[in-house]
Amino acid sequence: LKILRVVANLAISPDVGPRLAREVGMVDNLVKLIQKKKIEKSEELVLNAVCCVTNLSYYMEEDNQILARQVEIADSCAMLLLYDNLDAVTEVARAFGNFSRSAEMRGWMVETRVDEACSILLDHSDRQVVLAVTGVMLNFSSDPDYVTIFSQYELIPRLQELLTITPPTDHDHLSTLLKLYYNITDHGLLTPAQRDPVKETTLSLLNSAQHVPIQDQSPSTLDFIDVATNLLELLNRAATEGEEE
């Protein structure tokens, strides 16, 4: 257990993490642990193993052994999305946020209905869970083959709710939500009635961020301002094109 904690912490380092992800033997042991240990009997052990997987799967490198076996790992972890433990749900959702950067994995998630499980978790009461699955949804929103899940699972009203209830200073989460909105707008999934409240809320949030003194603007605030500005430009273009039609 102590070794797993050390590996999980080391995996965060951009210098050490990629090297650990290349270790075939270590990754093999992680996979076997997740596959063979039952979380009901070895909760802390499994959670730490999943944490290692999450942190190591962050690195998008060809020789990352976690990513090379991501379908196998995802198949063993998917049930934990519905497990009655916040840490487990959050950690696995974060892992799927990394896995879902792959088109292959997005297809697998749709086939196994993991995408549906993630969409349900958007209604979760815990902020960290919602933040993690929002990352998963962002990856799906960028894929023209699977962006239709937002209509299929009727997620747009929930996204609007999240945009409204997220604290205006939580620029990291807000940026993710607005990037997601940019993608689904770009794919033509928003009706004019759905675009208007998004535009109104985004304008209000942008105005608030721009009133932060320049010396107090963090990198996440600056990123949010850029993302919000780009979304508003796209919403305005979509409205103009709609009028012309």
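Biologist: Which residues of helix α10 does helix α9 meet?

Modeller: From the α9 side, the residues involved are D115, C118, S119 and L121. Contact here means heavy atoms within 4.5 Å, and helices are DSSP runs (H or I, at least four residues) numbered from the N terminus. Over in α10, the partners are V129, V130, V133, V136, M137 and F140.

Biologist: How many nonpolar residues are in that contact of α9 with α10?

Modeller: Ala, Val, Leu, Ile, Met, Phe, Trp, Tyr, Cys and Pro count as nonpolar, Asp, Glu, Lys and Arg as charged, and the others, Gly among them, as polar. The contact has one polar and one charged residue, and its nonpolar count is eight.

Biologist: Before we go on, what pLDDT do side-chain atom pairs need in this model?

Modeller: Residues are numbered from 1 along each chain as its sequence is written, and side-chain values use heavy atoms, with hydrogens and water left out. The model is predicted: totals for chains, interfaces and linings use all residues, local features need pLDDT of at least 70, and side-chain atom pairs count only at pLDDT 80 or more.

Biologist: At what angle do α9 and α10 pack?

Modeller: Axes are lines fitted to C-alpha atoms, for helices over the stretch in contact, and angles run from 0 to 180 degrees between N-to-C directions. For α9 (residues 114–121) and α10 (residues 127–141) the axes are 9 Å apart, and the angle is about 135 degrees.

Biologist: What does that angle make α9 relative to α10?

Modeller: Under 35 degrees counts as roughly parallel, over 145 as roughly antiparallel, 65 to 115 as roughly perpendicular, and the rest as oblique. That angle therefore makes α9, relative to α10, oblique.

Biologist: And how do α12 and α14 lie relative to each other?

Modeller: The axes of α12 (residues 156–165) and α14 (residues 192–210) come within 10 Å and cross at roughly 15 degrees. Therefore the pair is roughly parallel.

Biologist: Which residues of α14 does α12 meet?

Modeller: α12 brings I156, Q160, L163 and T164 to the meeting. On the α14 side you'll find Q194, P197, V198, T201, T202 and L205.

Biologist: Which residues have the most contacts inside the largest nonpolar core?

Modeller: A nonpolar core is a set of buried Ala, Val, Leu, Ile, Met, Phe, Trp, Tyr and Cys residues joined through side-chain atoms within 4.5 Å. Buried means under 20% relative accessible area, exposed over 50%, and partly exposed in between (1.4 Å probe, protein chains only). The largest core has 78 residues, and those with the most contacts inside it are F96, F99, F150 and I184.

Biologist: Is N55 buried or exposed?

Modeller: N55 is in helix α4 and, leaving aside neighbours within four places in sequence, is in contact with A8, A11, I12 and R94. Its relative accessible area is 9%, so N55 is buried.

Biologist: How far apart in space are R101 and Y58?

Modeller: R101 sits in the loop between α7 (86–99) and α8 (103–111). Not counting residues up to four places away in sequence, R101 touches several residues, including Y58. The two are 43 residues apart in sequence, but C-alpha to C-alpha the spacing is 9.8 Å.

Biologist: What is the phi of R113?

Modeller: R113 is in the loop between α8 and α9 and is exposed, at 53% relative accessible area. Although R113 is not a glycine, its phi is positive, at about 70 degrees.

Technical notes: Helix = DSSP H or I, 4+ residues; strand = E, 2+ residues; numbered from the N terminus.
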